[in-house]
Structures are given as C-alpha cells and as structure tokens.
Amino acid sequence: MTEIFSSLYGQNDGQVPPGSSTLGFGAGRPPPQPPAQNQASMSAQIPLQLGDEGPALRRPGAMNEPFYLLREIPVGNELTGNTNLITHYSLEHAYNKFCGKKVKEKLSSFLPELPGMIDSPGSQDGSALRSLIEKPPVCGNSFSPLTGALLAGFRLHTGPLPEQYRLMHIQPPKKKSKHKHRHHRPQDPIPPETPSDSDHKKKKKKKDDDPDRKKKKKDKKKKKNRHSPDHPGLTGSQPNCSNSLR
Amino acid sequence: MAENFDNLEEHLEKFVENIRQLGIIVSDFQPSSQTGLNQKLNFMITGLQDIEKCRQQLHDINVPLEAFEYIDQGRNPQLYTKECLERALAKNEQVKGKIDTMTKFKSLLISELGKVFPEEMARYKAIHGDDPPS
C-alpha cells in the first residue's frame, strides 16, 4: 500500500516528519497520550478547519469527555430569517408600493406609451424576449449610416399597406372611467335633482345650445310683442314657462 | 447608476417614437415622403448606436429571466417584483417561526435534561457557557 502511495505521490512523501502523519486523522480521535509536539500541531490545525476567531467554544475531543458531536453555538450576530429582512435592506417603500395597492395586470399599463398590441403573448408574433436568449441574433458589426446606394433599397411603392401589416396603429381599447362622468356633473350650471329630471334637462340643454340664433330671434319677437298692446297673456304665460324649465 | 438608466430610457423612448413615425410614413406611402423615410431610417441607425453606447454603462446589471417571462406573456413585470417581495416576506416569517420554535425547544430541552442529568448538564454548561437569551 505504501509502495503504491509513494509511486503515486513521489519519494518525498517518505521524508514527511513524524508529527505530520497524525494530521491525517480526525480531530475527534487523538492518540491516547499524544506528545507535546502533536498537541501543538493539532491546536494549530483546528482553527484552520473551523475558521474560528476569538475564543473557541469548541474544545478538543479529549476535553469534552462525556459528550461527542459537540458543536459550537452559532454566532448570534449572523443575519438570519429571525430579523425582518425587508426592513433590514430598507425595502419597506418598495413593499408598500407594489403590495400596498393593486398592480395592473397588463403590460400596456406598465408601458402606456408603447404603440401596438403589446398585451398579446410574444410567442404568437415571434417577439418573445426569451427567443433572444435561445437564439441570439447574429451581431458584432457596428451600426453605420445608410449611404445613397443603400437607401435605394428602401424605395417603397405608393399606397396604403395591406391589412395584415397595419399593426402599428392598433391600440388596446382603453376603458372609460366613471370618474370622468362624476367630474362633468358638478360643472353643469343646473344643479342635479332627480336622475330623470337631470337627464331631461341635459336633453333640453343640448337642444338649446345648438340654435343660438333661434333664441335671438325669439327675443326680438318678444320685444316686438311687448310693444304691441294686442298680445294676449304676456304676464301670465311667461312665469309659467320659466317654472316649467325649473 | 440612476443617470445611466434615465439615459437608456430616454434613448429607448426616442427610438420607439422614431419607429412609430416610420410606421406612419410607411402605412400610406407617398413618393414625396421618400426623403422623410430615408431620414427616419438613418435616425433609427443613430438610435441603435446610442443604445449600443448605453450597454457599456449597464454591463453589470442583471435582469431575472422570470421577468422576461412576464413580459413575453403580456403581463406587467411589476407583478414579478410584487410576487418576489411577498414570497420573501412569507419565507422570512416562516424561517422566523422555525427559529423561534427551535429556540423554545432548546431551552425546554436543556431545562428538562438539567433535571434528569444534573451533573452532565453542569459540565455541558461549563463547556458551552450559559445560553444566550432566546
């Protein structure tokens, strides 16, 4: 066995000092009466194995006589799951931002300025980012501006694009929020009463807004009628009309 | 670092806007718009050059592949961040629970062993010292 060992590791192994041969054994199995040199080498070896600093809690096996497999108590100041790691790394703001309120599901809400239908899966139109990793594009050449001869290749036919290529203008439908309607109502000059009344007034208002000229004509007619004494029920009819509007 | 991100974002926005305008020109091409098209094509190349320059400033940024999956599925990548934070907190609480339980178990075990094996436990405490407060 020793021959094989020496043939493998060379002849220098035979000149190993006697103390170093004991280093091959585990620390928990010291010889019964170790020499002073051996103890010193072991005490030097243990800190190297354990990487301890300061007072070693673990003693050599001979001193832990009634116990075996006695290990060190883990150092208390080590960062573990015992501490709130989100607080430790100052991520409370990020946590409250993302977990405090509802994050919108669609990609278009994250990139609202990006044109096109970006909410559809990238695997459908071959625009998946994963394909960049799986099949990286052939690159390496630097980008150089197109000269006149190269630009000749980009002379296009006149006219609109075929239907299947008009993807740039398609935007995902934006939902109309009810919030806007609420904003509009208080701005109305007429205070809202019952919903049926307000709807009715809206319709009337639309009608009134369009023919401004008609109003002016009516006013002129009224002025003329006031001057004429034959006009019946001027004082009685007008207040009734105003009441009905209100 | 934030400046580098802003710089890249600005270049990407310009690039996207240029591509959008290019799309509009191409969608209903007229012979008079050939000059504009050529100009936009060269803008696109300079845009790519600018983005290429930004790459050198951001070479040490790592993007998790899971975030790519979210984008490929048309989902908001902020959901990935949200789920990561929620998972981290849940795991943190789980580990804390385990540590607390094990600490209680240890103190209980030591006290019970002290009753049954008082001498051995006295030796044990002499070697290990007093237990840190749990």
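**A glycine at the chain A–chain B boundary and its surroundings**

Leaving aside residues up to four places away in sequence, B:G74 touches A:E105, A:K106, A:L107, A:I118, A:D119 and A:S120, where contact means heavy atoms within 4.5 Å. The structure is a predicted model, in which local features need pLDDT of at least 70 and side-chain atom pairs count only at pLDDT 80 or more, while totals for chains, interfaces and linings use all residues. Residues are numbered from 1 along each chain as its sequence is written, chains are lettered from A and ligands numbered from 1 in the order in which they are written, and side-chain values use heavy atoms, with hydrogens and water left out.

B:G74 sits in the loop between α3 and α4 of chain B; helices (H or I, at least four residues) and strands (E, at least two) are DSSP runs, numbered from the N terminus. With a relative accessibility of 6%, B:G74 counts as buried. Here buried means under 20% relative accessible area, exposed means over 50%, and partly exposed lies in between (1.4 Å probe, protein chains only).

The size of an interface is often given as the accessible area lost when the parts come together. For chain B and chain A the buried area is about 4,600 Å², 67% of it on carbon and sulfur atoms; this is the accessible area (1.4 Å probe) that two parts lose on being put together, summed over both. On the chain B side, B:D72, B:I127 and B:H128 lose the most area to chain A, together 15% of what that side buries.

Polar links also cross this boundary. Between chain B and chain A there are 17 residue pairs in polar contact, both residues being at pLDDT 80 or more. A polar contact is a pair of N or O atoms within 3.5 Å; within protein, one must be able to donate a hydrogen and the other to accept it, and residues adjacent in sequence count only if both atoms are side-chain atoms.

The whole structure holds 7 salt bridges over all chains, and 2 salt bridges are counted between chain B and chain A. A:R130 pairs with B:E69 in a salt bridge whose closest N and O atoms are 3.2 Å apart.

Within chain B, helix α4 carries two such pairs to look at. B:K96 forms a salt bridge with B:D100, with the closest N and O atoms 3.5 Å apart. These two residues are separated by about one helical turn, because B:K96 and B:D100 are 4 residues apart in helix α4 of chain B. B:K96 is partly exposed at 35%, and B:D100 is partly exposed at 29%. The side chains of B:K115 and B:E112 also meet in a salt bridge (3.2 Å, N to O), and the two lie 3 residues apart in helix α4 of chain B, about one turn of the helix. B:K115 is exposed at 61%, whereas B:E112 is partly exposed at 38%.

B:K14 and B:E10 form a salt bridge, the closest N and O atoms being 3.6 Å apart. B:K14 counts as exposed at 51% relative accessibility, and B:E10 as partly exposed at 41%.

Another loop of chain B, between β1 and α2, holds B:S33. B:S33 is buried, at 19% relative accessible area, and a polar atom of its side chain lies 2.6 Å from the backbone oxygen of B:Q30.

Chain A, for its part, has 12 helices and 1 strand, and buried residues make up 10% of its 246 residues.

Conventions: A salt bridge is a side-chain nitrogen of Lys or Arg within 4 Å of a carboxyl oxygen of Asp or Glu.
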